[in-house]
Amino acid sequence: MNTALLLLEIQNDYFPNGRIYLEKSLEASDKAQSVLLAYREKKLPIIHVQHISTHPDATYFLPCTKGTEFYSKVYPLKGETIIKKHYPNSFKDTSLLNHLIKNQINHLVICGMMTQMTIDATVRAAYDLGFTCTVLHDACAARQLEFNHTTISPQNVHYAFLAALQPTYATVLSSEDFLQKVGARTPILASA
């Protein structure tokens with residue numbers, strides 16, 4: 001099985017001082033960084049997906065702003081693939097599918113932001129396209145939602161969407177369990 005690490009929307013707007021701060025984004029980025037460092041050490045394929053909004057009413061990920069830039073802990077290195085997108089589904093109107101096919105990738109290890117939007121949309125699309133997915137739950141973060149005058153905490157949103165993905169659409173693991181499973185040592189995190 002040929003595997004790639006897919007880092008979704010780990011961009012400045014989701015972090016402190018960003019336009020749409022996500023609770024636990026800092027913790028999730030630490031976990032994503034651990035997996036990223038392990039992939040770099042093993043020289044495995046890495047794909048960074050960057051959202052740039054084209055919606056006229058957008059309030060974040062605005063073109064040519066610092067908020068669209070990748071967060072420092074997971075900043076792409078030269079030679080790592082960057083896919084730009086404009087929709088929650090990372091496959092919609094992007095080169096992602098062609099890139100995966102060209103590189104004979106059939107398994108995606110996924111982490112990033114937001115669990116209820118981009119993670120969910122991308123995992124479901126990947127499954128429909130025939131990919132096997134592993135979602136690293138502690139390397140993802142969600143946003144508080146409201147429905148029918150009821151506030152749903154970020155943690156409950158996160159858990160509900162992950163529960164809906166497992167087991168049909170993805171295997172859901174912690175980053176530590178995943179690293180142990182693939183025989184990677186847990187790297188020492190670099191400070192941001």
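## Exercises on a predicted model

Met117 is partly exposed, at a relative accessible area of 39%; buried means under 20%, exposed over 50% and partly exposed in between, with a 1.4 Å probe and protein chains only. This is a predicted model, where local features need pLDDT of at least 70, side-chain atom pairs count only at pLDDT 80 or more, and totals for chains, interfaces and linings use all residues. Residues are numbered from 1 along each chain as its sequence is written, and side-chain values use heavy atoms, with hydrogens and water left out.

**Exercise 1. Place Met117 in the fold and relate it to the largest pocket.**

Step 1. Met117 lies in helix α3. Helices (H or I, at least four residues) and strands (E, at least two) are DSSP runs, numbered from the N terminus.

Step 2. Turn to the pocket. A pocket is an open set of points on a 1 Å grid over the protein atoms alone, where a 1.4 Å probe fits, with protein on both sides within 12 Å along at least five of seven lines; lining residues have an atom within 4 Å of a point.

Step 3. Twenty residues line the largest pocket, and Met117 is among the closest to its centre, along with His51, Tyr60, His86 and Pro88.

Step 4. Helix α3 (residues 115-128) gives the most to this lining: three residues.

Step 5. Sort the lining by class: nine nonpolar, eight polar and three charged. Here Ala, Val, Leu, Ile, Met, Phe, Trp, Tyr, Cys and Pro count as nonpolar, Asp, Glu, Lys and Arg as charged, and the others, Gly among them, as polar.

**Exercise 2. Work out the strand order of the open sheet, then inspect β3.**

Step 1. Six parallel strands give the order β3-β2-β1-β4-β5-β8. Two strands pair if DSSP finds at least two bridges between them.

Step 2. Find the edges. β3 (81-85) and β8 (171-173) each pair on one side only.

Step 3. Strand β2 (residues 46-51) runs parallel to β3 and is joined to it by five bridges. Ile47 has Thr81 of β3 as its bridge partner, and Gln50 stands opposite Lys84.

Step 4. Move to β5 (residues 132-141). Seven of its ten residues are buried, so the strand is largely enclosed by the rest of the structure. Six bridges join it to β4 (residues 107-113), with Ile110 partnered by Val135.

**Exercise 3. How many disulfides does the whole structure have?**

Step 1. The search finds zero. A disulfide is a pair of cysteine sulfur atoms within 2.5 Å.

Step 2. Check Cys111. The nearest cysteine sulfur, in Cys140, is 6.1 Å away. Cys111 is buried, at 0%.

Step 3. Check Cys133. Its sulfur is 12 Å from the closest cysteine sulfur, in Cys140, too far for a bond. Cys133 is buried too, at 2%.

**Exercise 4. Which backbone features stand out at Pro167, Gln104 and Asn148?**

Step 1. The peptide bond from Gln166 to Pro167 is cis, with omega near 0°. Pro167 sits in the loop between α4 (154-165) and β8.

Step 2. Gln104 is not a glycine, yet its phi is positive, about 55°. Gln104 is in the loop between α2 (96-102) and β4 and is exposed, at 58%.

Step 3. Asn148 also has a positive phi, near 50°. Asn148 lies in the loop between β6 (145-147) and β7 (150-152) and is exposed, at 61%.
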